[in-house]
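Hi there,

Here is the structure I promised to pass on. Have a look at it first, and then read my notes below.

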Amino acid sequence: MELDYYEILEVQRDASPEAIKKAYRKLALKYHPDRNAGDKESEDKFKLVNEAYQVLSDDNKRSIYDRYGKDGLNGAGGFGGSGFDFDIGDIFSSFFGDGFSQRERRKNTDKYHTDLEISITIEFNEAVFGCEKEIEYTTKHPCKACNATGSKDGKTTTCPHCGGKGRIAQTRGFMSFVQDCPHCGGTGKIIKEKCPECKGKTYEEIRSSLKINIPEGINSGMRIRVAGKGNKSSSGAVGDLYIVVNVKDDEYFVRHNDDIYVEIPVFFTQAILGDNINIPTLRGTKMLELPVGAKDKQQFVFENEGVKNVSSNYKGNFIVQISIQTPKKLSDKQKELLQELQESFDVKSGESTKNHDSVFEKIKSWFK
């Protein structure tokens, strides 16, 4: 199905030129490749937005498109032959000025992002109660030996493939797009001999260590931001360090958000009698009062005994689930005692309970 240019720009068919321009500005900013590095979907949407604007911003093309659709533009100076060959960077800079375009391009002169992300793994109890950790990581800094050029003599020459523009046109089907030059990486410059210090990478890697405070209640997947501890750009700007936390599982406790679950084995006589048992919690022991005849997998909730929420003083719950244990072997004496107990409840060997008797009677009635 053919995409509608008005839908792409999210405007009505009777939209004014000003509304179309405003919509394009908004979407071009949203999907611009410099702001969505490596995102193929955003790149494709950015191209569609530019394609739609090329048509709807031109009164003649828009009139043809409204009457005959996209096919009507073929051979009308729109898509036929080489008519639809545009420079995305030129369109973008016409809206936001050369300053914006150049500023975005300068960000790409470094072969790395200033923000840095690493991951660490901590113990279950360290996440629950918080801790201090010393971490080691590697940051990138501009190579001093070649002044971040990657060249042995610190000099560069104009890229012959893009003529120093840093961008080249690429044709895909009937459309031609402008993208960063793959030969110079969008810098417009190439080097003849690599810097022996950085091997042409333009940066050096420096090992660093840092003490950080892990907040109480942190969970797997959460990130800690440390300002000004990331990579350093050739302009002198320093990015931030983002630490992704992974938490090990515990042998006994299971965490779900701020709640903690634990399964406690209970002997069947304790469940029958309604015994009081000591249980381990995150912060010491608690007394669990079992009701008479407690059931297997029955849960008991201790409010505000779970994990403290990482962004508030709220604490989750501590949930105890009992697992009723029965003996696998019995002595003659134990069998005798249990037989006496069974008979005291008027349960005869080889017969079901009264509840089960009612089920048998119901089944018999089906065949009458």
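This is a predicted model: local features need pLDDT of at least 70, side-chain atom pairs count only at pLDDT 80 or more; totals for chains, interfaces and linings use all residues.

Residues are numbered from 1 along each chain as its sequence is written, and side-chain values use heavy atoms, with hydrogens and water left out.

An unreviewed UniProt entry carries a "binding site" annotation on Cys143, Cys146, Cys195 and Cys198. The four span 56 residues in sequence, but no two of their C-alpha atoms lie more than 9.1 Å apart, so they gather at one spot. (UniProt positions are in the numbering used here, feature names are shortened, and annotations may be inferred rather than shown by experiment.)

Cys195 sits in the loop between β6 (189-190) and β7 (203-214), and Cys198 is in the loop between β6 and β7 too. Helices (H or I, at least four residues) and strands (E, at least two) are DSSP runs, numbered from the N terminus. Cys195 has 2% relative accessibility and counts as buried; Cys198, at 2%, is buried as well. Buried means under 20% relative accessible area, exposed over 50%, and partly exposed in between (1.4 Å probe, protein chains only).

Leaving aside neighbours within four places in sequence, the contacts of Cys195 include Cys143, Cys146 and Lys152, while Cys198 touches Cys143, Cys146, Gly150 and Tyr203. Contact here means heavy atoms within 4.5 Å.

Next, take a look at Thr139 in strand β2 (residues 131-142). Thr139 is buried at 3% relative accessibility, and its side chain makes a polar contact of 3.2 Å with that of His141. (A polar contact is a pair of N or O atoms within 3.5 Å; within protein, one must be able to donate a hydrogen and the other to accept it, and residues adjacent in sequence count only if both atoms are side-chain atoms.) Beyond four places in sequence, Thr139 is in contact with several residues, among them Leu116, Ile206 and Asn231.

Finally, two helices: where do α3 and α4 meet? Gln54, Val55 and Leu56 in α3 meet Lys61, Arg62 and Tyr65 in α4.

Enjoy exploring!
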